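Dear colleague,

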Amino acid sequence: MPTSIPSHRPVRRAEAADLDALVALEQGVFDSDRLSRRQYRRHLASASALVLVVDGSRPSLAGAAVVFFRKGSAVARLYSLATAAEARGKGVASALMAAVEAAARARGCRVLRLEVRADNLAAIHLYEHLGYRRIGHLAAYYDDGADGWRYERSLTSAAAETA
């Protein structure tokens with residue numbers, strides 16, 4: 001499902017051949033709470049998960065997103081959003097978010113939820129800029145004891161359709 005986003009960052013569905021690059025991106029971006037090779041392998045093959053990527057300088061990736069869908073649920077969950085350090089500020093995260101939202105809408109989801117570390121100010125700024133609203137506090141949510149915030153965005157409002 002190649003998609004071109006207004007930021008001109010092409011987003012595509014990840015393939016099994018991307019596994020090494022996904023794991024390398026994960027290890028380069030996150031200090032804890034990392035997805036393992038085994039988890040990525042499972043998500044790539046799962047009908048209830050979607051892994052999207054933006055290519056960087058081959059063979060690396062500029063970014064990746066993992067979103068989960070539950071059968072019978074109108075709520076999708078963004079599980080992970082990772083942007084390589086050299087790709088930050090270049091529209092990669094915004095392109096991935098637009099593609100995640102489009103995929104969720106295509107599956108009939110009306111809401112997208114996510115969790116974010118309370119100290120990840122750049123991600124919080126992005127989500128709030130994109131229209132996500134904070135709906136909950138997650139005390140000691142992360143492996144290292146850091147707090148988190150839960151956010152959500154309606155995918156059916158007029159604002160979501162034009163974003």
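The notes below move from the overall fold to the core and then to individual residues.

This is a predicted model, in which local features need pLDDT of at least 70 and side-chain atom pairs count only at pLDDT 80 or more, while totals for chains, interfaces and linings use all residues. Residues are numbered from 1 along each chain as its sequence is written, and side-chain values use heavy atoms, with hydrogens and water left out.

Overall fold

The chain contains five helices and eight strands; here helices (H or I, at least four residues) and strands (E, at least two) are DSSP runs, numbered from the N terminus. Their order along the sequence is β-β-α-α-β-β-β-α-β-α-β-β-α. Along the principal axes, the C-alpha atoms fill a box of roughly 40 × 35 × 30 Å.

Of the 163 residues, 42% count as buried. Buried means under 20% relative accessible area, exposed means over 50%, and partly exposed lies in between (1.4 Å probe, protein chains only). The accessible surface is about 8700 Å², and carbon and sulfur atoms account for 51% of it. This area comes from the Shrake-Rupley method with a 1.4 Å probe; for residues, only the protein chains shown count as cover.

As to charge, there are 23 positive and 17 negative side chains, with the centres of the two sets 6 Å apart. Lys and Arg count as positive and Asp and Glu as negative, without His and the chain ends; each charge is placed at NZ of Lys, CZ of Arg, CG of Asp or CD of Glu.

The nonpolar core

In soluble globular proteins, nonpolar side chains tend to be buried together. A nonpolar core is taken here as a set of buried Ala, Val, Leu, Ile, Met, Phe, Trp, Tyr and Cys residues joined through side-chain atoms within 4.5 Å. The largest such core has 49 residues, and L78, L81, M97, L112 and Y127 have the most contacts inside it. Two or more residues each come from helix 1 (19-29), strand 3 (49-55), strand 4 (61-69), strand 5 (75-83), helix 3 (92-106), strand 6 (111-117) and helix 4 (121-129). Helix 3 gives the largest share, nine residues.

Beyond its neighbours within four places in sequence, Y127 is in contact with L78, L81, M97, L114, V116 and Y132. In helix 1, the buried residues are L19, A21, L22, V23, L25 and E26. Their cover includes helix 2 (37-45), strand 3, strand 4 and strand 5.

R117 lies in strand 6 and is partly exposed, with a relative accessible area of 21%. Not counting residues up to four places away in sequence, R117 touches S32, I124, Y142, D144, A146, D147 and G148. The C-alpha atoms of R117 and G148 are 4.3 Å apart, although 31 residues separate the two in sequence.

G148 is also among the contacts of G136, which, leaving aside neighbours within four places, are G148, W149 and R150. G136 belongs to strand 7 (residues 133-138) and is partly exposed at 23% relative accessibility. From G136 to W149, 13 residues along the chain, the C-alpha separation is 5.8 Å.

Loops

A140, in the loop between strand 7 and strand 8 (148-154), has a phi near 50°, a positive value in a residue other than glycine. D33, also not a glycine, has a positive phi of about 55°; D33 sits in the loop between helix 1 and helix 2 and is partly exposed at 32% relative accessible area.

S57 lies in the loop between strand 3 and strand 4 and is exposed, at 59% relative accessibility. Its C-alpha atom is 24 Å from that of R38, 19 residues away along the chain. K90, in the loop between strand 5 and helix 3, is exposed at 51% relative accessibility. K90 and R9 are 81 residues apart in sequence and 8.6 Å apart in space, C-alpha to C-alpha.

With kind regards

Definitions and conventions: Contact = heavy atoms within 4.5 Å.
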